[in-house]
Amino acid sequence: HKHQKHARAELRGKRDLEKMQREETQVRVRLEQMRRNYELRQQKEVAEKMAYRTQTKELVSKASSAEEAARISSSRVAARELKARKFRGQEEGAETVSYTHLTLPTKRIV
């Protein structure tokens, strides 16, 4: 009877450990997905900035006066800064990940 009780407790412990390992794997996969998504967003942001700068230079070069060129440039810079602030705001609201449930007990009482 004592042996069966110990065997059941050991089996429960193994199941718990396997469950925690599965959860840890899921968290690692999710973190990797988040990292990749972040990198893709960063690459997209850089590409958009470069395209926007090129468009701004073209518009400024076609301006009929220095005043018009300055107005075009400053309004486009302000619009770009606003968009960048909105982008950073989205980053700040990103989903958080808790590691609390992954903490393994240091001493298990059976």
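Glutamate 32 is partly exposed, with a relative accessible area of 31% (buried means under 20%, exposed over 50%, partly exposed in between, with a 1.4 Å probe and protein chains only). Its side chain meets that of arginine 35 in a salt bridge of 2.4 Å, N to O (a side-chain nitrogen of Lys or Arg within 4 Å of a carboxyl oxygen of Asp or Glu). Both residues lie in helix H1, three residues apart, about one turn of the helix (helices are DSSP runs of H or I with at least four residues, strands are E runs of at least two, and both are numbered from the N terminus). Salt bridges that share partners join Glu32, Arg35 and Glu39 into one network. Arginine 35 is partly exposed, at 37%.

The model is predicted: local features need pLDDT of at least 70, side-chain atom pairs count only at pLDDT 80 or more, and totals for chains, interfaces and linings use all residues. Residues are numbered from 1 along each chain as its sequence is written, and side-chain values use heavy atoms, with hydrogens and water left out.

The whole structure holds four salt bridges. Side chains of opposite charge can pair when their charged atoms come close. Arginine 28 is exposed, at 53% relative accessible area, whereas glutamate 24 is partly exposed, at 31%.

Another bridge joins lysine 14 and glutamate 10 at 3.9 Å, N to O. About one helical turn separates them, because they are four residues apart in helix H1. Lysine 14 is partly exposed, at 49%. Glutamate 10 is also partly exposed, at 42%.
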